[in-house]
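Work through the exercises below with the sequence and the model open. Try each task before reading its solution.

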Amino acid sequence: MVIQWYPGHMEKARREMQEKIKIVDMVIECRDARMPIASKNPLLDQLIADKARLILLTKSDLADDNKTKRWLTYLNCEKQKAIAVNLNKGQGINKKIIQVCLLLNQQKREKQRLKGISPRAIRAMVCGIPNVGKSTFINRLLGQNRLVTENRPGVTRSLTWLHISDELNLLDTPGVLWPKFEDPKKASILAALGTINDDILDQKMIAMDMIRIIQENYPHVLSCFYQIDETLNPNQFLQKLAWQRGYLQIGNKADTKQAARSFLHDLRKGKIARLSLEDVNEML
């Protein structure tokens, strides 16, 4: 199934980000810990160029902890650091983020001191695809709900400067996707976890893709949570779920579309289990 969603405000935001990247010191890129590669915008590498980058694996409380640890090992390198964050627990996050930002900019700031220049606050652009928790993350740093947050894509529409501390200023940016999804599996995972407008999706097809992935990678998880035979194929699973939850059409026919919406809601909220839909072994 071909999935595309690249509304006009995203192209506008991409152009603005391309202009503003010239005046920032680094980029803080938010990715969903459950899909660290699918939630990476391939346009960012070109946009960021040689800027330092901090990757935040957000929603880590919903992801498979063991897989997240392996992803962190894979993503950490000299000019790029990666940390996992639970956006529902903001205590201590400010200090940790500022420390890593200072570390990534240490050489540059030391050169400024040697020249007799007092380093100013680090300017960091916060970016990522829609609905990965950028605004929630910034609200945690600010200690207040200054930015509007909703569990749907497309809420943030403009670039905004925010003062965090004497050492860090952030440039908040809208969630931006890319014009064409080359990998159908990644596109399906993106759609399943709420980064694409649900109104344009065949949610039943998306749900069946995710059921298949979970059956392959997490045996017994679906049967444990739903009390439904895990050997059923995805369509049969949705039929059983529809009957179980009373999603019936005229003539007592199972409403598998409603069952699919219910399943995706469970998945996005982390109700089924702590799941990661991508494995670092796929990159090796």
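**Exercise 1.** Is Asp25 buried or exposed?

Solution. Some conventions come first: the model is predicted, so local features need pLDDT of at least 70 and side-chain atom pairs count only at pLDDT 80 or more, while totals for chains, interfaces and linings use all residues. Residues are numbered from 1 along each chain as its sequence is written, and side-chain values use heavy atoms, with hydrogens and water left out.

Step 1. Buried means under 20% relative accessible area, exposed over 50%, and partly exposed in between (1.4 Å probe, protein chains only). Step 2. The relative accessible area of Asp25 is 9%, so Asp25 is buried.

**Exercise 2.** Locate Asp25 in the chain and list its side-chain partners.

Solution. Step 1. Asp25 sits in the loop between α1 (8-20) and β1 (26-32). Helices (H or I, at least four residues) and strands (E, at least two) are DSSP runs, numbered from the N terminus. Step 2. A polar contact is a pair of N or O atoms within 3.5 Å; within protein, one must be able to donate a hydrogen and the other to accept it, and residues adjacent in sequence count only if both atoms are side-chain atoms. Step 3. The side chain of Asp25 makes a polar contact of 2.6 Å with that of Lys108 and another of 2.8 Å with that of Arg120. Step 4. Contact means heavy atoms within 4.5 Å. Leaving aside neighbours within four places in sequence, the residues in contact with Asp25 include Lys51, Asn105 and Ile122.

**Exercise 3.** Compare the span of α4 with the expected span, then find where its buried residues lie.

Solution. Step 1. Helix α4 (residues 93-104) has 12 residues. Step 2. The expected span is 1.5 Å times one less than the number of residues. Step 3. Its buried residues are Ile93, Ile97, Ile98, Val100, Cys101 and Leu104. Step 4. Seen down the axis, they fall within an arc of 165°, so they line one face of α4. The arc is that of the directions from the helix axis to the C-beta atoms. Step 5. An α-helix has 3.6 residues a turn, so residues three or four places apart point the same way.

**Exercise 4.** Give the strand order of the six-stranded open sheet and describe the pairing of β4.

Solution. Step 1. The order is β3-β2-β1-β4-β6-β5, with mixed pairing. Two strands pair if DSSP finds at least two bridges between them. Step 2. β3 (80-84) and β5 (160-165) are the edge strands, each pairing on one side only. Step 3. β4 pairs with β1 in the parallel sense over five bridges, and Val27 stands opposite Met125 in β4. Step 4. β4 also pairs with β6 in the parallel sense, over five bridges; there, Val126 has Asp172 in β6 as its bridge partner. Step 5. β5 and β6 (residues 168-172) pair in the antiparallel sense over five bridges, with Trp161 opposite Leu171. Step 6. In β4 (residues 122-128), six of the seven residues are buried.

**Exercise 5.** Which classes of accessibility do Lys59 and Asn252 fall into?

Solution. Step 1. Lys59 lies in the loop between β2 (52-58) and α3 (65-75), with a positive phi of about 55° although it is not a glycine. Step 2. Lys59 counts as buried, at 14% relative accessibility. Step 3. Asn252, in the loop between β7 (248-249) and β8 (253-254), has a positive phi near 55°. Step 4. Asn252 is exposed, with a relative accessible area of 51%.
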